[in-house]
Amino acid sequence: MIIQVALVLFAVFFGSLVIGIPISIGIGLASIVTALCLVPSDVGIFIVAQKMVTGMSSFSLLAVPLFIFSGNIMNNGGIARRLVDFAKVIGGRIPGSLAHANVLGNMLFGALSGSAVASCAAIGGTMAPLEKEEGYDPAFSAAVNIASAPAGMLIPPSGVLILYSLVAGGVSVSALFIAGYIPGILMGLATMLVAYIYAKKHNYPVSDKISFKDGFKVFLGALPSLLLIVIVIGGIVGGAFTATEGAAIAVIYPLILSVIYKSITLVDLKDIILKTAVTTGVIMFLVAASSAMSWVMAYAGIPGVISSAILSISTNKIVILLIINVTLLIVGTFMDLTPAVLIFTPIFLPIATELGLNPVHFGIILVFNLCIGIMTPPVGSVLFVGCGVANVSIEKVIKPLLPFFGALIAVLMLITYVPAISLFLPKLFHLI
């Protein structure tokens, strides 16, 4: 019975995707059809509607639209340019220094905005013309930008980690935020290593030497933006405010900066609010529909069946984690990060905890996997944005992207099998 119900659920869901129905509608439709197979129609529709409403009724979830709003303000408020200038100073006189500045810029801006797409567009749009002037291959420049943009999804504050906390049953947001630092930095360093080897091989130029005085001036220009990370993350970890309250500060602070920089107008703010409302609506409906699907799967016992099936393949922890990683990498190629977190957390988290993994550690593994997914075809949002801002075709970018994929998968394996990489900082701050 459980297998038949699972087949109905996934057949309706994936069938909806094939015929072009939006993923949130497909999730809701699959939930309703499956619920009707389990309980009487009047009860099933009522429960699905109830679960959709209660799934959005969370104070912690309020942080997500606030971080989206914050990211949109920074994307339009002149902050990206100051971070790029600072990243160029940090990049120094290393071969391919502009590529390294691109990576560092994505790490900094991504950490501030919490959006890989916004980071890819803002930093890539700024760096692409500069790299072209210096003789960089546009496809390589785009590949560097695409491969490094998702680092901000791991380096806090991150809306995706908040969603994972919600679906995982209240895993500490503070612990998840702190746990994302080292994996996010490793993602950036792996990208820089590949970029360095490529730049060295092709004799790409280094940046002009910058005096200490000029470098310090650039640092002072970027300092107000960088302080946002210290204020928000420091306040959350220190217990001064919650993640949601920190998200509100993350809106007010860059808004004040943008007004000081005179880089945002009332017309711009109107467009930003509208864009935020649209994005929030999409995400909230996804959360609602995914909550209904989670209830259907739990009621039918589908996660237990999947868990038993995977554990029956092998009792070796290394093999099972490899299977989960491969599955998530495949999922990431055809599903965006947010719905994938909402759908697959209830399926794989019980397996992970049964293997003895800390939920914080598994959350980082899950998000890292899906970060790789958003830079892969056919539905990689960062891939499309990166190619768009660089004005190059996807076909040309795929080849230079492959070494970056290899490096990131190597880091993924390291994070998976060395829990201390994710758990060292949360333990240090006594968050777990």
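The largest cavity in this predicted model is lined by N102, G124, M127, A128, E131, P138, S141, A142, N145, G386, V389 and A390. Its volume is about 50 Å³, and a search of the whole structure finds one cavity of 30 Å³ or more. The largest pocket, by comparison, has a volume of about 700 Å³.

**The largest cavity**

- Helices α7, α8 (138-148) and α19 (381-390) are the elements that give two or more residues to the lining of the largest cavity.
- By class, six residues of this cavity lining are nonpolar, five are polar and one is charged.

**The largest pocket**

- The lining of the largest pocket comprises 28 residues, of which S115, V117, T279, I283 and T338 are the closest to the pocket centre.
- At least two lining residues come from each of α4, α7 (116-133), α9 (159-167), α14 and α17 (337-354).
- Helix α4 gives the most to the lining of the largest pocket, with six residues.
- The lining of the largest pocket divides into 16 nonpolar, ten polar and two charged residues.

**Packing of α4 and α14**

- Helix α4 (residues 63-76) packs with helix α14 (residues 266-300) at an angle of about 145°, and their axes are 9 Å apart.
- The crossing of α4 and α14 is right-handed.
- On the α4 side, the contact is made by V64, P65, I68, F69, N72, I73, N75 and N76.
- On the α14 side, the contact residues are L269, I272, I273, K275, T276, T279, T280, I283 and M284.
- Ten nonpolar, six polar and one charged residues make up the contact of α4 with α14.
- T279 and I283 of α14 belong to this contact and are also among the residues closest to the centre of the largest pocket.

**Packing of α16 and α18**

- Helix α16 (residues 317-334) and helix α18 (residues 359-373) pack at an angle of about 40°, with their axes 7 Å apart.
- Because of this angle, α16 is oblique to α18.
- The crossing in which α16 passes α18 is right-handed.
- From α16, the residues I324, N325, L328, L329, G332 and T333 meet F362, I365, L366, N369, L370, I372 and G373 of α18.
- The contact of α16 with α18 has eight nonpolar and five polar residues, and no charged residues.

**Packing of α11 and α21**

- The axes of helix α11 (residues 181-201) and helix α21 (residues 420-428) cross at roughly 135° and come within 7 Å.
- That angle makes α11 oblique to α21.
- Residues Y181, I182, P183 and L186 of α11 make the contact with I421, S422, F424 and L425 of α21.
- In the contact of α11 with α21, seven residues are nonpolar, one is polar and none is charged.

Terms used
Residues are numbered from 1 along each chain as its sequence is written. This is a predicted model: local features need pLDDT of at least 70, side-chain atom pairs count only at pLDDT 80 or more; totals for chains, interfaces and linings use all residues. Side-chain values use heavy atoms; hydrogens and water are left out. Axes are lines fitted to C-alpha atoms, for helices over the stretch in contact, and angles run from 0 to 180 degrees between N-to-C directions. Helices (H or I, at least four residues) and strands (E, at least two) are DSSP runs, numbered from the N terminus. A crossing is left-handed if the near helix is turned anticlockwise from the far one by less than a right angle, and right-handed if clockwise. Contact means heavy atoms within 4.5 Å. Ala, Val, Leu, Ile, Met, Phe, Trp, Tyr, Cys and Pro count as nonpolar, Asp, Glu, Lys and Arg as charged, and the others, Gly among them, as polar. On a 1 Å grid over the protein atoms alone, a cavity is a set of points where a 1.4 Å probe fits but cannot get out, and a pocket is an open set with protein on both sides within 12 Å along at least five of seven lines; lining residues have an atom within 4 Å of a point. Grid points are joined across faces, edges and corners, and a volume is the space filled by probe spheres set on the points. Angles under 35 degrees count as roughly parallel, over 145 as roughly antiparallel, 65 to 115 as roughly perpendicular and the rest as oblique.
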